[in-house]
Amino acid sequence: MRTELCDQLGIEFPIFAFSHCRDVVTAVSRAGGFGVLGAVGFQPAQLEIELRWIDEHIGDKPYGVDIVIPGKYEGMGEVDPKKLEEQLLAAIPPQHRAFADKVLADHGVPKLPEGEKMTELLGWTAATATPQIAVALKHDKVKLIANALGTPPADVIDEIHGAGRLVVALCGSVKHARAHKAAGVDIIVAQGYEGGGHTGEIGSVVLWPEVIDAVAPTPVLAAGGIGTGRQIAAALAMGAQGVWTGSLWLTVQEAEAPPAQMDALLKATSRDTVRSRSFTGKPCRMLRNAWTEAWEAPDSPKPLGMPLQFMVTADAVARGHRYAERAKDVMFNPVGQIVGQLNAVRPVKEVILQLVEEYLEAAERLQRLTSNALG
Ligand SMILES: Cc1cc2nc3c(=O)[nH]c(=O)nc-3n(C[C@H](O)[C@H](O)[C@H](O)COP(=O)(O)O)c2cc1C
């Protein structure tokens, strides 16, 4: 499984793991893969605490940080986070907040206690992601910064390169992959339709080789639907330099999730997800539930754009997390179609070892076929 990227990053297996959970990131890197911390939900001061914790627990292993600067969003151009927030708050129609409240009330989800309020404007904009990058670059073991939902702006790429780190960007189409390469992105993640979180419309088996050919020799990581070593073998056979995974790490022992949410993930089949704009404003794959259906219904005010829709739903996400048992039908459960194979809670190390074993079996199977044909 050793590809050039393994040597470049000093890792044993080219298995990249996206997670919002510092324990998962640390465990993956310690097990020979490469953990990437999703920073979108952290204010800069909290991100600093998370990264310091990772630095202390990860030994001499490298890791990455993932930010979100979309190619298009409401309020683009405003670089002051405070001013942007004011501008966006004024743009939210009251009926969207009322609709979100009604869906939660209909399902008996309590309000947050007085005084407890979730930050509504998360790191979904250049204004909010820029301070996160500054924090990440202060940490030496952060070897790459990944960006979701668009090509990172030129000044961001220069800043990351200037600090001697690699720039990674996710894409769901060849057009976006070409734009990433032209901008100087070092590693491109090609994420197929079946993946968890924000995702495009082209399936992995079609997308990966298309992107690999379009941007060669820039290294490509295959993402979307990977949960077994057989799928890793398929991705590497197509020319990917590694795999980028997300859903797989939601049900590991190290992951932090309320029991009701973990239960929903463990029970779900590969048919139970939907691409919905109902939480973030952009198409995002998640478990289908009463919330996603409500926003599709004829009486729905229809989701707003990013980041406005999340500013409306931040309260729902916080209430869902806090009162998970009662909110289980309306919770935000981003996950990909591979959820159908996530049926047990296991430690990260065991998952990585199984991926490697399955990869070897697949590689041997192909080897046997080749020798049969020759012999
Ligand atoms: C719960 C969840 C949250 C995600 N959030 C982000 C994010 O903030 N930034 C990002 O680049 N990708 C995010 N993703 C996408 C992952 O980075 C990864 O590309 C995707 O999970 C790969 O497909 P898979 O889920 O089939 O493994 C998220 C995925 C999941 C499952």
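**Notebook: loops, strands and a pocket**

I started with Lys 302, which is partly exposed at a relative accessible area of 41%. My scale here is buried for under 20% relative accessible area, exposed for over 50%, and partly exposed in between, with a 1.4 Å probe and protein chains only. The model is predicted, so I note that local features need pLDDT of at least 70 and side-chain atom pairs count only at pLDDT 80 or more, while totals for chains, interfaces and linings use all residues. Residues are numbered from 1 along each chain as its sequence is written, and side-chain values use heavy atoms, with hydrogens and water left out.

I looked up Lys 302 for its phi, which is near 70 degrees, a positive value in a residue other than glycine. Lys 302 sits in the loop between H12 and H13. For the element names, helices (H or I, at least four residues) and strands (E, at least two) are DSSP runs, numbered from the N terminus.

Pro 307 belongs to the loop between helix H12 (290-296) and H13 as well. The peptide bond joining Met 306 and Pro 307 is cis, with omega about 0 degrees. I found another cis bond from Ala 216 to Pro 217, where omega is near 5 degrees. Pro 217 lies in the loop between helix H9 (204-215) and S8.

Next I checked Leu 149, which is not a glycine and yet has a positive phi of about 75 degrees. Its place is the loop between S4 and H7, and Leu 149 is partly exposed at 27% relative accessible area. Gly 150 is in the loop between strand S4 (142-148) and helix H7 (154-162) too, but Gly 150 is buried at 12%. I also took a C-alpha distance: Gly 150 and Asp 140 are 10 residues apart in sequence and 25 Å apart in space. For another pair, Lys 181 and Ala 214 are 33 residues apart along the chain, with 9.5 Å between their C-alpha atoms. Lys 181 is in helix H8 (residues 174-183) and counts as partly exposed at 32% relative accessibility.

Which way do the residues of S9 point? Gly 242 and Trp 244 point one way from strand S9 (residues 242-245), Val 243 and Thr 245 point the other way, and all are buried.

I then followed the pairing, where two strands pair if DSSP finds at least two bridges between them. Strand S1 (residues 15-19) runs parallel to S9, and 3 bridges join them; Ala 17 stands opposite Thr 245 there. Strand S8 (residues 220-223) is also parallel to S9, over 3 bridges, and Ala 222 has Val 243 as its bridge partner.

S8, helix H10 (residues 229-237) and S9 make a right-handed β-α-β unit. Right-handed means that, with the strands pointing away from the viewer, the path from the first strand over the helix to the second runs clockwise.

**An open sheet and a cysteine**

I found 3 strands in an open antiparallel sheet, in the order S7-S11-S10. Strand S7 (197-198) and strand S10 (273-276) are the edge strands, each pairing on one side only. S7 is joined to strand S11 (residues 284-287) by 2 bridges, with Gly 197 partnered by Arg 285 and His 198 by Cys 284. S10 and S11 share 4 bridges, and here Ser 276 stands opposite Cys 284.

How many disulfides are there? The count comes to 0, a disulfide being a pair of cysteine sulfur atoms within 2.5 Å. Cys 284 counts as buried, at 2% relative accessibility, and Cys 6 is buried at 0%.

**The second largest pocket**

I ended with the second largest pocket, whose volume is about 320 Å³. On a 1 Å grid over the protein atoms alone, a pocket is an open set of points where a 1.4 Å probe fits, with protein on both sides within 12 Å along at least five of seven lines; lining residues have an atom within 4 Å of a point. Grid points are joined across faces, edges and corners, and the volume is the space filled by probe spheres set on the points.

The lining has 17 residues, and Asp 101, Lys 117, Glu 120, Asp 315 and Arg 319 lie nearest the centre. Helix H5 (94-106) and helix H13 (308-322) are the elements that give two or more residues to this lining. By class I noted 7 nonpolar, 1 polar and 9 charged residues. Here Ala, Val, Leu, Ile, Met, Phe, Trp, Tyr, Cys and Pro count as nonpolar, Asp, Glu, Lys and Arg as charged, and the others, Gly among them, as polar.
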